[in-house]
Amino acid sequence: MKKTIAFLLIAVLACGILAACNDEGDRSRADVSETSGSGKYVADVPDRDYGGATVTFLTCGVNQTASSEILYNDYGSDDEEQMMEVVNDALRERYNQVYESIGVVIKEQYIYDGRRYNGEMINHIRNAIAGGTDTFQVCVPCLYDCATLAAEGQLIDLLGEVPYLNMSQPWWDQTFNSEMTIGGCLYFTIGDIGLINKDSTPCIAFNKDLFNEYNLESPYDLVDDGKWTLDKLIELCKNMSVDLNNDGVIDYSDKFGYGGQYDDMWYLFYGSGERIASRDADGYPYLTMYNDRSATVIDKILEFMQDKEHYVCANNYFGVVNWPAELVTQAFVEGRSLFNLSGVGTTDAYRDMEDDFGLVPIPKFNEEQENYYSMVNPWTSNAFCIPISVEGDALEMTGITLEVMGAVSKNILATAYYDVALQYQKTRDDDTVRMLEIIFNSRGCDLGTIYKWGLLDNLLHELITMPRGSFASQYEAKSAAAQSAMEETINFYKSNEK
């Protein structure tokens, strides 16, 4: 499968991958998630030999071709960018172990979807289901499309309706599953079988050399002490603002505190513990976007993102380049910013950086907040789901295959995936590993963002260019439409309530 990279699927260390790959294929019949004494994860499924039957994944991307996170990629000599060999080898080993374990051949169909959201992928799934022409058992759309398909009744509930599929196993993301479950139903999930969803988890990179030069507090210590807050981020950013070209403005060509983009508003709002929609005691969503605390949170975020002396926003430079995030990232690479918004899987952009860098989670709102929260990007991330057209023996085979793939992926990929972020660090440190544990253990998404009720997710972006104090009136203008749209979704979920 010759493909060009659509999303950065960065590598893990060869030693971690190859150590896992050298083990024999799991027979996947243990009754717990870890075998006695072996230290390897296995799936709690019965012995099956499907004799070469296929389970096909329908995937999508914004490029006409893309590196696969499902199958081994057969790169040609003219490919400019390639997934690192150890990851590619791990995909092949996973394929082999699944086949050896249950006799299933994994296949993939790829859909080029330039829009990514509400485009070719979702229409292909709808038409295939309606026309009985679907030849796939698992589909992997972006999170937005997952929510839309779920609310249309196009997907199977993963909690109890798929034989042998166990969403409580450690290879499925528990925080995400909990937040996405409505009325006891879960229609899409993320976990160790995919790499793109991990790459799409946000974090903040900081320049270690600049922190030492300016004698600033260690972000690692701040996180460990529970003092890594939005106020502390603002305070640190104010240590650097230099107009290098003397043009009277601070932009991507200067020295500044933080380089980011509009999605920071999503991440900081979510990281502050606020949600557009939360779930009530019965497991159904209700709007929680506007309240006294969230109004204070928004005001503080705007104080940060509207500070033109210390915060440089990539969205202001679409007239300069097609992907302006590259401009603020380049400033970070050249040692001209303290912080840079990053994804765990995009630190490949720092490969030419002379300074050393570290990673920390999105900050809390204040020290009283107990936990850190990391919001998976709903546009770049995807999730795994099963269309309603999969039935009977095919559904059982799909459930067993996903469980076996999950366990094998936990053994081969997850144990070394932290090196995705560490591979271009000049000095490897256990501190960043600890930060990544915090990031991955706290990641999820906002129901209100991916279901887009009343476009309240867009409102969070729109507030960035509005005067402070606009939140209340803008929310009031959209809340009725949001409530109506949300009630339609709730009615569907209640009709499927267990």
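In this predicted model, the largest nonpolar core comprises 130 residues, and those making the most contacts inside it are Phe57, Phe188, Trp228, Phe304, Phe339 and Tyr451. The greatest contribution to this core comes from helix α13, spanning residues 392–412, which supplies 9 residues. Apart from this core lies another one, of 12 residues, including Ala205, Tyr350, Leu436 and Ile439. In soluble globular proteins, nonpolar side chains tend to be buried together.

Helix α13 itself is largely enclosed by the rest of the structure, because 17 of its 21 residues are buried. At 1.5 Å a residue, the 21 residues of α13 should span 30 Å, and this agrees with the separation of its end C-alpha atoms, which are 30 Å apart.

The surroundings of one of the core residues, Phe188, can be described in turn. When neighbours within four places in sequence are left aside, Phe188 is in contact with Cys146, Ala147, Ala150, Leu158, Phe176, Asn177, Met180, Ala383, Phe384, Cys385, Ile450 and Tyr451.

Helix α4, which covers residues 143–151, is mostly covered, with 7 of its 9 residues buried. Following α4 is glycine 153, which has a positive phi, near 75 degrees.

Definitions and conventions: Residues are numbered from 1 along each chain as its sequence is written. This is a predicted model: local features need pLDDT of at least 70, side-chain atom pairs count only at pLDDT 80 or more; totals for chains, interfaces and linings use all residues. Side-chain values use heavy atoms; hydrogens and water are left out. A nonpolar core is a set of buried Ala, Val, Leu, Ile, Met, Phe, Trp, Tyr and Cys residues joined through side-chain atoms within 4.5 Å. Buried means under 20% relative accessible area, exposed over 50%, partly exposed in between (1.4 Å probe, protein chains only). Helices (H or I, at least four residues) and strands (E, at least two) are DSSP runs, numbered from the N terminus. Contact means heavy atoms within 4.5 Å. The expected span of a helix is 1.5 Å times one less than its number of residues.
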